[in-house]
Amino acid sequence: MSEKGLRTSKLRKVIIGGGACPERVIRDFHALGIEPLHAWGMTEMSPIGGVCTLTPEVAALPFEEQIPWRLRQGRTPCGVGLKLLSDDGHVVSHDGVTPGRLFVKGPAITSSDFKDERQLLNDEGYLETGDIATIDSQGFMRITDRAKDVIKSGGEWISSLDIEILSQVPAANVNRP
C-alpha cells in the first residue's frame with residue numbers, strides 16, 4: 001500500500017470480518033501503523049461472536065510472534081459462550097489443536113428465524129454455527145472450515161482450506177512416482 005503513496009494519518013484500527021483474514025493483509029496494515037482486528041460473528045448472534053483483541057501477554061510479544069493469534073477470529077465478548085462438540089456429541093477440549101463443531105450461546109442469540117417457529121437452539125441453549133473450529137486455553141477461537149465443506153477421511157477432518165493451499169504448490173515441488 002505504501003508503494004502506491006497511500007497515507008493513513010488518522011486511521012489507527014480496522015476491523016476485518018466476513019472471512020478469514022489473510023496474513024498478508026494483517027502485515028500490510030501493520031506496516032502502515034494500523035492495527036487490524038480480526039472479528040467473527042453471525043446475524044443470529046446480533047452479530048459479534050469474537051474479536052481478536054490480544055491478551056496483555058500476547059500484546060507484549062514482538063509483532064512476528066503475535067501473528068498466530070492475530071490470524072484467529074478472537075475471543076468472545078462478555079455474555080457469549082463457545083462450545084466445541086465432536087460428531088458424536090462429546091465436548092472437545094480447548095487445546096487449540098482439536099477441531100470440533102462450533103456452538104454459541106448468549107442473551108442476544110436468536111432462538112428462531114423470523115416468521116419460523118422452529119427452535120434453533122439445542123437443549124442447553126446453544127446454536128450450531130455450521131463452522132468447524134479450535135479454541136485454545138486462552139479462549140482464542142480459530143475457524144478452520146465450514147462443516148459442509150470439510151472432508152472426513154479415516155476419522156480425521158481435513159480442512160478444505162488446507163487442500164486449497166496445497167493445490168497452489170507448483171507441480172515442480174511435488175514428488176511424482
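## Salt bridges

The side chains of Arg-72 and Asp-136 meet in a salt bridge, with N and O 2.6 Å apart; the term denotes a side-chain nitrogen of Lys or Arg within 4 Å of a carboxyl oxygen of Asp or Glu. Arg-72 lies in the loop between helix 3 (63-70) and strand 4, and Asp-136 in the loop between strand 6 and strand 7, so the pair ties together parts that are 64 residues apart in sequence. Helices (H or I, at least four residues) and strands (E, at least two) are DSSP runs numbered from the N terminus. Arg-72 is buried at 17% relative accessible area, and Asp-136 is buried at 10%. Here buried means under 20% relative accessible area, exposed over 50%, and partly exposed in between, with a 1.4 Å probe and protein chains only. Salt bridges that share partners join Glu-23, Arg-27 and Glu-64 into one network.

Arg-27 is partly exposed at 27% relative accessibility, as is Glu-23 at 32%. The count by this rule comes to 9 salt bridges. One of them joins Glu-35 and Lys-13, at 3.8 Å from N to O. Glu-35 lies in strand 2 and Lys-13 in strand 1 (residues 13-16), so this pair ties together parts that are 22 residues apart in sequence. Glu-35 is partly exposed at 27%, whereas Lys-13 is exposed at 51%.

## Basis of the model

This is a predicted model, in which local features need pLDDT of at least 70 and side-chain atom pairs count only at pLDDT 80 or more, while totals for chains, interfaces and linings use all residues. Residues are numbered from 1 along each chain as its sequence is written, and side-chain values use heavy atoms, leaving out hydrogens and water.

An open sheet is formed by 4 strands in the order 4-5-6-7, with antiparallel pairing; two strands pair if DSSP finds at least two bridges between them. Strand 4 (81-85) and strand 7 (141-146) stand at the edges with a single partner strand each, so one side of each is left without a neighbour in the sheet. The twist averages 50° from one strand to the next, where axes are lines fitted to C-alpha atoms, for helices over the stretch in contact, and angles run from 0 to 180 degrees between N-to-C directions.

Strand 4 and strand 5 (residues 100-105) pair over 5 bridges, and Leu-82 has Val-104 in strand 5 as its bridge partner. Strand 5 and strand 6 pair over 4 bridges, where Phe-103 is partnered by Glu-128 in strand 6. Strand 6 (residues 127-135) pairs with strand 7 over 5 bridges, and Ile-132 stands opposite Asp-145 in strand 7.

## A charge over a ring

The charged end of Arg-75 sits over the ring of Phe-140, 5.4 Å from its centre. This assignment requires NZ of Lys or CZ of Arg within 6 Å of the ring centre and within 35 degrees of the ring normal.

## Positive phi in loops

Most residues other than glycine have a negative phi. Ser-46, which is not a glycine, has a positive phi of about 65°. Ser-46 is found in the loop between strand 2 (35-41) and strand 3 (48-51) and is exposed, with a relative accessible area of 53%. Lys-115 also has a positive phi, near 60°. Lys-115 is found in the loop between strand 5 and strand 6 and counts as exposed at 76% relative accessibility.
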